[in-house]
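Grab the model and work through these exercises on a pocket and a sheet. Try each task before reading its solution.

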Amino acid sequence: MAKRKKTAAGQRSLNIGLNDERLPKLFGILFVFIAAYLFIAFTSYLFTWRIDQDRVLRFSWTLLEYSDLTVENWLGRLGAFFSSFFIYFCFGVPSYLLSYFLYRLGMNRLRRQPLRPMGRLFSRIMLLTIGLSILFEFTLGSMEFPIGGGVGEYLTGYLQRIIGGPGIILLLLVLFALYLVFVARIDFNGNPREIQAAVRDHFSGKFNPKRQPRASAASPTTATGKAAAALPPLEGTVDLTASEENTVLKPRSAAERLKDLQNFRNPGGLSLEMEEPLIQPKGDQLSMPLEDVNLADRPNIPIDPLNVGDDGLEINDPDESDGLTPDLAMTQENQNHSEPYDPTADLPSYDKPVIPLLESYEAEKVEVDRAELEANKDQIIETLLNFKIEITKIRATIGPTVTLFEIVPAPGVRISKIKNLEDDIALSLSALGIRIIAPIPGRGTIGIEVPNKNPQIVSMREVLESEKFRTAKMDLPLALGKTIKNEVLIADLAKMPHLLVAGATGQGKSVGINSIIMSLLYKKHPSQVKLVLIDPKKVELFPYAKLEHHFLAFLPNQTEPITTETAKVIHILNSLCIEMDQRYDLLKKAAARNIKEYNQKFISRRLNPNKGHKFLPFIVLVIDEFADLIMTAGKEVEMPIARLAQLARAVGIHLIIATQRPSVNIITGVIKANFPARVAYKVTAKVDSRTILDAGGADQLIGRGDMLLSNGGDIVRIQGAFVDTPEVEKVIDYIGSQRGYIEPYLLPEYNTDEDISGAASLTYADLDDMFEQAAHLIVSQQHGSTSMIQRRLKLGYNRAGRIMDELEQLGIVGPANGSKPREVLIYDEIELQRYINDIKKAGQEQ
């Protein structure tokens, strides 16, 4: 029995050791050490290979046993052994890439990032290593130095016998073209000059350090980047001149290399006779397991430069330049493949923001004094005894802002009697505000929340670093802050499904909105979620405008991605209603009940993109000051908001509305009933708290991010995560400096009655000077795309957009259809010219 207990205890200790968070860091340090060791050994081999190679070939791995044998490698006999194995027998100079992979793997473990991205990185590095080995051996194989290694020499000789030297050149060109298509995603539909510029921009973004996005100089990210830069690229030439006493090695054939490899593996002199030289690397080469692919860890690539017209304006095409959305194009490209569709493949180089961009505020944390706790406990007991209320037990739970004292009253004490003593307890403790929870649900106790004299700051970095956030399997995780028990609270917006944020001015609503958006930016890929930001105050959300090619969604004719004008707000809300209706039509065709089922069917390739199906990202609508919109627009804003609140949750459209006081004249009962999740910051009166939460308590908060979250009837007190404006700007700059989608996510265009009736008054004199050329271009190509007008006629966005509106008003093209090209209604240029002549005659008659 004792032995069994001892064994169980040993197993528990072993499990604890394997789950220790320091274990991945230990492996990370080990991998970085091996990478540095191999890098130095390889570099030494470039200069000492003539001297060490003969000794390594003669003694093989027994070289390590001879104590009196010396080598010239900087890292001794072990360094000579490994460098000879990898460079001479395996891959030659491209073996440096294996050292680079071990370095990346070590940094991955040190940062405790997911292992899955390493699988794709390993496969790419191995393919690149073998390809470069063949290229170096084919082009520089006449050198004495084993530039391509044994693998490169064998494969090059084999390919030359099969397809010849010109065939190898063609094969390498085909492999390079496949890289441009599938990895760099170069579009070959443009002219040669555009293709050349795209290729140049891709490789300059990969190899030019100045174009790489960096964090601040003080952040650990920069230090990591410098460590990566410490591995220098290989130089084009290597000095291979040797002194007279050094042994000169002649170039070896593939058969001789194979014989050396056999002796290298069999030091005892066992003869291995083979009729034909054949390398079988499966049994002896190092193998590494490939894991599932994840696109979280990618090198940063700057955003591609946008086309610029004659008027110097950037091109943002609302009608899609090539007739296909990026998701649809990717689906058609892979429609015959059996693997699941990857929505992140359109932006594979995207790298999620790193934690060091945020501040930790460790220096400002203050521990709650034990004496303070004892004093508060004694004051509560004394105050209750003064009113002849006895308690049997009291317990304290320390939170970042308040301390919860749980008391168990003596039998026969009425709860209402304790609840009425709220002001008396606050007077005795000299506290800002006391909140009594009577009783605490599921605990059988009465809670008294007492504010701490020195409240702590809950940093956004601390919340995002928590295990609860990193392992959250939610569709839209929101890191709100910490509860009274010092536990991180993560909520899922997709299950709320909408969130109402209210509170007095200056109590933390805007910071709370920023923390919600930061949670989505840190957790999600741009293909998975889109943000529609409405900011009537015009100053709160404007930094997010840099994310228009990554996370933002807006109207096709919108000049600024952040909506601030009331008229534009009406358009964008109605556009979201159109988007909602279109999504419901797609769900109906796919026989799916919600967006999650629909996307699962699309990812598993059970839906045909040719029938209009596409991957649907979540859309989060954020309105910073809703009361101002109601006061200025009234019913025009209220109606689409009510529709979205009632219907949009199933199709992945969720609302976050912030206001100071959600009274009946601001948020009607229909809207409020669809916002079961509500966040209340400090308010001045109990009636305001009841207006927000349908319960009291918000008037007893202490401000500065102290809030109550009501979700499904349960009310939880939270200290909101604090993120300052400079931190937000760092994260936005980090994302904005990366390569984004060429076309932003455009919502369906919404046309009012005034826009439709404006076509009747349009005459030929009102048309643009380039109207006829644009009309002939559209009809000849049968492709109603604004970007095509911009490229072919070299116009800016505003002018091309106006011409497209004129074409629509005159009935040459159809209305906008989201991000798809418009339908061309005239099919012949002769008919078009006749139509234009009729317009000219009508203008002359007038």
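**Exercise 1.** Work out which strands and helix each supply at least two residues of the lining of the second largest pocket.

*Solution.* Start with the elements: strand S3 (435–437), helix H22 (686–693) and strand S14 (714–720) each supply at least two lining residues. Helices (H or I, at least four residues) and strands (E, at least two) are DSSP runs, numbered from the N terminus. A pocket is an open set of points on a 1 Å grid over the protein atoms alone, where a 1.4 Å probe fits, with protein on both sides within 12 Å along at least five of seven lines; lining residues have an atom within 4 Å of a point. Finally, the centre: of 29 lining residues, Arg 435, Ile 437, Pro 441, Glu 449 and Ile 715 are the closest to it.

This is a predicted model, so to speak of local features takes pLDDT of at least 70 and side-chain atom pairs count only at pLDDT 80 or more, while totals for chains, interfaces and linings use all residues. Residues are numbered from 1 along each chain as its sequence is written, and side-chain values use heavy atoms, with hydrogens and water left out.

**Exercise 2.** Find the strand order of the open sheet with 9 strands, and its edges.

*Solution.* First, the order reads S6-S5-S14-S13-S12-S7-S11-S10-S8, with mixed pairing; two strands pair if DSSP finds at least two bridges between them. Then the edges: S6 (488–492) and S8 (529–534) each pair on one side only. Last, zoom in: 4 bridges join S12 (677–680) to S13 (706–711), running antiparallel, and Ala 677 has Asn 711 in S13 as its bridge partner.
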